[in-house]
Amino acid sequence: SKLLRGSVLEIYEDVMASSARARNLIKMAKLCMFFLLVLHYLSSFWFLVGHTQASELGSAEISWVTSYMLGDDDTSSLTSEEILASGFEGATSVDELDLWPKYVTSMYWAITTMSSVGYGDITPKSDTERVFAFFAMAISGTCYGFLLGNIAAVVGYVDAHTRMQHERMEVIATYMGQRSFPEGLQRRIKRFSRNFYAERSA
């Protein structure tokens with residue numbers, strides 16, 4: 001197993017050292033995985049807080065879970081038709097609901113919070129939920145800024161590299177025009193140069 005790990009690591013290092021395109025793709029993949037991981041934990045803990053509040057407070061008060069998914073609150077943002085369409089129909093407690101609608105709803109809140117959209121249809125109903133939402137907004141906002149900054153850096157690198165290739169091709173074309181190269185030879189040189197720079201950038 002150590003030999004296998006060493007071989008995989010060596011291949012990874014070779015790819016990272018020899019291919020700018022592979023480095024950018026791997027970096028983008030890492031950013032996407034980081035983004036999904038943050039969303040997963042935010043949504044999971046957001047549901048955990050709401051479910052714990054609903055279990056502890058019972059019918060005396062409500063949480064975002066009971067308000068949004070079960071419509072226990074008079075000011076619930078979902079109409080009866082929307083509850084039927086959302087996968088929450090027929091449930092009298094959160095534990096009766098399927099895992100998928102609960103996860104999707106929590107993930108939806110996490111995405112709107114991280115992106116600062118905040119539609120307002122899912123809102124905290126207790127001080128505990130408000131405190132968690134406060135920290136979630138701070139953490140997710142920081143992560144979102146980090147994500148956008150790294151994506152912009154990758155795109156900027158690709159744009160700069162592409163611009164450099166175009167400038168080199170323009171220099172070659174200008175030189176061939178000044179030296180009155182035959183049209184057929186110019187096309188072959190341009191084709192060769194494009195392939196050459198494409199292989200170097202790969």
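These legends accompany close-up views of a predicted model.

**View 1. Helix α5, from end to end.** Let's start with α5, which covers residues 99-114. How far apart are the end C-alpha atoms of α5? They lie 22 Å apart, and this agrees with the 22 Å that 16 residues should span at 1.5 Å a residue.

View 2. Is V104 buried or partly exposed? Its relative accessible area is 35%, so V104 counts as partly exposed. Now find S43 as well: V104 and S43 are separated by 61 residues in sequence, but their C-alpha atoms are 8.6 Å apart in space.

View 3. Following α5 you meet S116, which sits in the loop between α5 and α6. What is the phi of S116? It is near 65°, a positive value in a residue other than glycine. For background, most residues other than glycine have a negative phi. S116 is also exposed, because its relative accessibility is 62% and the cut-off for exposed is over 50%.

**View 4. S180, another serine with a positive phi.** Move on to the loop between α6 and α7, where S180 is found. Although S180 is not a glycine, its phi is positive, about 55°. Is S180 buried or exposed? With a relative accessible area of 60%, S180 is exposed.

**View 5. A nonpolar patch on the surface.** Here five side chains take the stage: V131, F134, F135, M137 and I139 form a nonpolar surface patch. Together they have about 530 Å² of accessible area.

**View 6. A positive patch of arginines.** Which residues form the positive surface patch? They are R187, R188, R191 and R194. R194 is a handy landmark in helix α7, which runs over residues 183-201. Its relative accessible area is 46%, so R194 is partly exposed.

How values were computed:
Residues are numbered from 1 along each chain as its sequence is written. This is a predicted model: local features need pLDDT of at least 70, side-chain atom pairs count only at pLDDT 80 or more; totals for chains, interfaces and linings use all residues. Side-chain values use heavy atoms; hydrogens and water are left out. Helices (H or I, at least four residues) and strands (E, at least two) are DSSP runs, numbered from the N terminus. Buried means under 20% relative accessible area, exposed over 50%, partly exposed in between (1.4 Å probe, protein chains only). Patches are made of residues with over 30% relative accessible area and no salt bridge: like charges are joined within 9 Å, nonpolar side chains (Val, Leu, Ile, Met, Phe, Trp, Tyr) within 5 Å. Accessible areas come from the Shrake-Rupley method with a 1.4 Å probe; for residues, only the protein chains shown count as cover. A salt bridge is a side-chain nitrogen of Lys or Arg within 4 Å of a carboxyl oxygen of Asp or Glu. The expected span of a helix is 1.5 Å times one less than its number of residues. Lys and Arg count as positive and Asp and Glu as negative; His and the chain ends are not counted. The place of a charge is taken as NZ of Lys, CZ of Arg, CG of Asp or CD of Glu.
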